[in-house]
Amino acid sequence: FSPLMDIQLTSETKNSTMVSHKEFEAAGKEPGLQVWRIENLDLKPVPKALHGSFYTGDAYLLLLTTAAPSHNIHMWLGDECSQDESGAAAIFATQLDDFLGGGPVQFREVQNCESTTFLGYFKSGIKYQKGGVASGFKHVVTNDMDVKRLLHVKGRRVIRATEVDLTWSSFNKGDCFIIDLGKDIYQWCGSECNRFERLKASEVAIDIRDNERNGRAKLQMVEEGEEPAKLTEVLGPKTAIAPSTPDDDKVDTGNKKKGVLYMISDASGSMKVTSVAPSSPFKQAMLSPEECYILDNGVDRNIFVWKGPKANVSERKAAMSAGQQFIKDKGYSNKTQIQVLPAGGETTLFKQFFSDWRDKDETTGPRKAYTIGRIAKVEQVPFDASSLHSNKAMAAQHGMVDDGKGKVQIWRVENGDNVPVDPSSYGQFFGGDCYLILYSYRQGSREQHIIYTWWVKQEVHSRKSEITPDELAVRVTQGQEPPHLMSLFQGKPMIIHSGGTSRKGGQSKAGGTRLFHIRQSSCRATRAVEVEPTASNLNTNDVFVLKSPKALYVWRGVGASDEEMTAAKHVVGFLGGTVTQVSEGKEPADFWSALGGKKDYQTSKSLQNTVQQPRLFGCSNKTGRLIVEEVPGDFTQSDLATDDVMILDTWDQLFLWVGKDANAEERNGAPKIAKDYVDSDPSGRKGLPITTIKQGAEPPTFTGWFQAWDPKMWDTDPLERIRARF
């Protein structure tokens, strides 16, 4: 009577008590990763030192527990695993989910097509070994020195080491290979493989020595053409090495994600799928708590199953199998990833398909800033200008390099020339103009500069191309000004007029009725933006100034702050006239008629933008065409490839980091990729500020997103550093 039969019997008994398994008793009690292999349809734990090593003939169950605590359950299927084993893994995954109260996120992972979440657990790479339980292979840490295997290492962000035949015909000039002979481990580098790939292959070799051999093996680096006699002894006389092969399975992972939303129900006894919305972005209100849904992103090999908290128990338990059935029915590749998500446990990848996603318990007010804990735990950091330089995490989340008290110079671009703007009107920006703002400040003993280009037109780019290493270039779109730019006008709000120009006589062209929306950012700087004078633009969290030919009103929303009211005085001073103060809910009839009549407006208190995890991508044309690839897991400074351009997405702004060895095509192509990435985001984000940064001149707004940033890291060659560990 196998443990599996026991599980099947129990999960089919609708009202039965929850089944436990002896392995579950310690599951999820401590933060960290637990891994089991399916052996004879039962669960056997894999020793910690061998986490990240998978037999291609087997199926595995993994559980990640965070400090929160929250849980991710992954079932991993090797290319050669049997149907019985994959079936057992699915049942154990469902049972473990049940055991942990139905709150975990479940993932289905297939060899070579794993999710970024999964890959992030194994920063020094994943190893695929031939064989499995059926052929007698065990997961044991040994000092076994009789090993003989050849691993083919591929990847720049995601490192996969796959066991291949131990023969010269397995090699190629473009990749790194590890010849593992037990007490000697050789890293062989093809003549065409690049520095970053060598670096990553070295991490795999070090991991084998330190974890699988308990540190008792010797590592050696071998260049193609300089092979020692020991290798020809094992591999035979050297034959011609094949040329490098392009990565043909690389998909361009811009944010082009296209999704279709379906509702699933088993009311009739068999699963029924009905279409809810034919294409993303979706609205969060489309997800009813009483139902389960499939978000079909099959074009990118992703399927999401969302479980409504009030959906019936059998539907919730069958979520993973519903996803698998859906893949079959659609004829999608069996490599398609599935994520099963409980309400409240949605992943970033899922939420980006919704234009208005709000997490539960979000507070009102301006965009709040958050620090990123080790895993998916996000805490708020209050803004404190005095500690900006010492607290890099705060500087990064609030987008502030300093407190904005440095030197400001502003020019208006006219016919290709830069015309200085009168300092008395600093802070006023007109939609008909294009501006260059040069900000100078001291960081330590060095003078640093930021150039903001506001409402960018073609004529600005000539100035941008001459950026020196100590300058940052920030492209800003009207209405999307970063907090630091807003803080340059010392206590006054930044006032943005929808049209007109600051040239002589430009202001007089303004419309008869004008409405200014005033909001404070998380770093306490305020902005007043002119919007269309209609009631639907009001917002319960903010202050508005309304000027009509007959009257001047300051309207205060229920959730507005005193600082926003203070900023309104500057707008009133500029517009001129006797002001009437109006509180939300007590508006006179003339107020509504000036706005063209009463209309619905944003009264929700959960307006604040979702807390999104920052994401890091590399732009590389090492394969012959420019591709973008996400860095999995908690990224670190060493994930910044010095021969690439990297994109850091912190949700309300984007950074382009230019490595000193990046080639011209990457440097020139990356800004377009960054813009396309934002413009095609399924959540509908557009026009974010994009900041370009050179390697070695990173400001705290960038470095604060990386844990333990080391300013001296670039002083030594990363390859030399890792070789020192051999």
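## Overview of the chain

Of the 726 residues in the chain, 53% are buried. The structure described here is a predicted model. The chain contains 16 helices and 36 strands. Among its contacts with a separation of 6 or more, 64% are made by residues 24 or more positions apart.

The chain exposes about 31,400 Å².

An open sheet is formed by 10 strands, arranged in the order 2-1-4-5-6-17-16-15-13-14. The pairing within this sheet is mixed. Strand 2 (42–45) and strand 14 (272–277) stand at the edges; each has a single partner strand, so one side of each is left without a neighbour in the sheet. From one strand to the next, the twist averages 25°.

The pairing at one end of the order can be followed in detail. Strand 1 (residues 32–39) runs antiparallel to strand 2, and four bridges join the two. One of the residues involved is W36, whose bridge partner in strand 2 is P45.

## Helices lying across the sheet

Helix 2 (residues 83–99) lies across several strands, including strand 1, strand 2, strand 4 (59–65) and strand 5 (71–77). Helix 2 runs at about 20° to strand 4.

Helix 7 (residues 319–330) also lies across a series of strands, among them strand 13 (260–265), strand 14, strand 15 (292–297) and strand 17 (337–342). Relative to strand 17, helix 7 runs at about 145°.

## Strand 23 and its partners

Strand 23 (residues 435–443) is mostly covered, with seven of its nine residues buried. Strand 20 (residues 407–414) pairs with strand 23 in the antiparallel sense over six bridges. In this pairing, V408 has Y439 of strand 23 as its bridge partner.

Strand 23 is also joined to strand 24 (residues 446–454), by nine bridges, and these two strands run antiparallel. Here the bridge partner of L436 is T453, in strand 24. Strand 23 and strand 24 form a hairpin with two residues between the strands, in which G444 takes a positive phi near 65°.

## Cysteines

How many disulfides does the count come to? With a pair of cysteine sulfur atoms required to lie within 2.5 Å, the count comes to zero. Two cysteines may be described individually. C434 is buried, with a relative accessible area of 1%, and C619 is buried at 0% relative accessibility.

Conventions:
Residues numbered from 1 in each chain as written. Predicted model: local features only at pLDDT ≥ 70, side-chain atom pairs only at ≥ 80, totals over all residues. Heavy atoms only, no water. Pairing = 2+ DSSP bridges. Axes fitted to C-alpha atoms, helices over the stretch in contact; angles between N-to-C directions. Contact = heavy atoms within 4.5 Å. Buried < 20%, exposed > 50% of the residue type's maximum accessible area, 1.4 Å probe, protein only. Areas by Shrake-Rupley, 256 points an atom, 1.4 Å probe, with all protein chains shown as cover.
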